[in-house]
Amino acid sequence: MRAIGLLLVLLGAMPISAQEPADADTARTMRTLEHAWVEGQARNDNRALDLIFDNALVYIEYGRLVTKGEYLLRVRAIAPSPSQIVMEAMTVRRFGDTVIVVGTYLDKSAGARKALRWRFVDTWVYKKGRWMLVAAAAAPMSK
Amino acid sequence: MRSLMLVALLACAGTSAGYAPEDSESDVGAKILAMERVWSQAYASKDPKALDRILDVAFVNVDSDGRLQSKAEVLAEVRTSTALQFLTESMVVHMHGNTAIVTGVFLIKGVDHGKAYVQRERFVDTWFYKDGQWVSIAGLVTRIEQ
């Protein structure tokens, strides 16, 4: 419940100014939302994820295109477990009411020895008083 | 000659026409798809001139090896492209006000160090309406698992 309250506050954070790179408040908000996504997924908290995913979200992983509905269905089907995703450095760039977050994360779901590092690009759009994730994609990083 | 055709196509595609408020989403979508084709054609023709106009100065790309590329690095990559054919398939545009998301598939055929290759990759590009024209601000490409 506290997590949803926090999300609502973050989602409602007003855009400040259209600058690039992002102002500190926007950058902080986006980093928190990225972490909220990872935590929501680990807790199988579809309600929290539903708040940050736009209905037209497009998500690409392993070369597959996944819709919001398909993503949430998959999250619901998996048992809650401690997050296997470790978020690393992120860069936030702002273009008016649109934000691009580029960063890396470590996926330890196949075991610590087979941990795979991914680079991601996420697009957030401020609509109806909230930041919504409209596109997300990741590519595995070559060793 | 090829570069002239690219510039002409680009002008028709929308950078000069821009985005008028009366443009419908389908009009805007068609313009953006045309620019996506200009983008892929740039790789096949090894000519970054047209691409230079449709990538924002702050453009960032993640390639299929997870490498982060700036606009300058992408333009340099185009000049040394090994692609002979670069086709786009299954493209879909999602409009979010002055932002557009395009997803699609690349089919790339080329020759690298004397060896022919065929690659299929899925991409997602983010476009933003800025200073009277649509520019791409971010992209990511990932291999399609067989």
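1. Basis of the model. The model is predicted: local features need pLDDT of at least 70, side-chain atom pairs count only at pLDDT 80 or more, and totals for chains, interfaces and linings use all residues. Residues are numbered from 1 along each chain as its sequence is written, while chains are lettered from A and ligands numbered from 1 in the order in which they are written.

2. The sheet of chain A. Six strands of chain A form an open sheet with mixed pairing, in the order β2-β1-β6-β5-β4-β3. Helices (H or I, at least four residues) and strands (E, at least two) are DSSP runs numbered from the N terminus, and two strands pair if DSSP finds at least two bridges between them. At the edges are β2 and β3 (85–95) of chain A, each of which pairs on one side only. From one strand to the next, the twist averages 20°.

3. An antiparallel pair. Strands β5 (residues 116–127) and β6 (residues 130–140) of chain A run antiparallel and are joined by 10 bridges. Within β6(A), Ala137(A) stands opposite Val121(A).

4. Helices on the sheet. Helix α2 (residues 24–42) of chain A lies across β3, β4 (98–107), β5 and β6 of chain A, at about 145° to β3(A). Helix α4 (residues 68–77) of chain A also packs on the sheet, where it touches β1 and β2 of chain A, and its direction makes about 85° with that of β2(A). Axes here are lines fitted to C-alpha atoms, for helices over the stretch in contact, and angles run from 0 to 180 degrees between N-to-C directions.

5. Positive phi values. Tyr62(A), a residue other than glycine, has a positive phi near 50°; Tyr62(A) sits in the loop between β1 (53–61) and β2 (64–67) of chain A. Tyr62(A) is partly exposed, with 13 other C-beta atoms within 10 Å. Ser90(B) likewise has a positive phi near 50°, but lies in strand β3 of chain B. Ser90(B) counts as exposed, with 9 C-beta neighbours inside 10 Å. The classes are buried at 20 or more other C-beta atoms within 10 Å, exposed at 12 or fewer, and partly exposed in between, with C-beta atoms placed from the backbone.

6. The interface. In chain B, 27 residues are in contact (C-beta atoms, placed from the backbone, within 7 Å) with 26 residues of chain A. β6(B) gives the most to this side of chain B, with six residues.

Terms used
Two residues are in contact if their C-beta atoms, placed from the backbone, lie within 7 Å.
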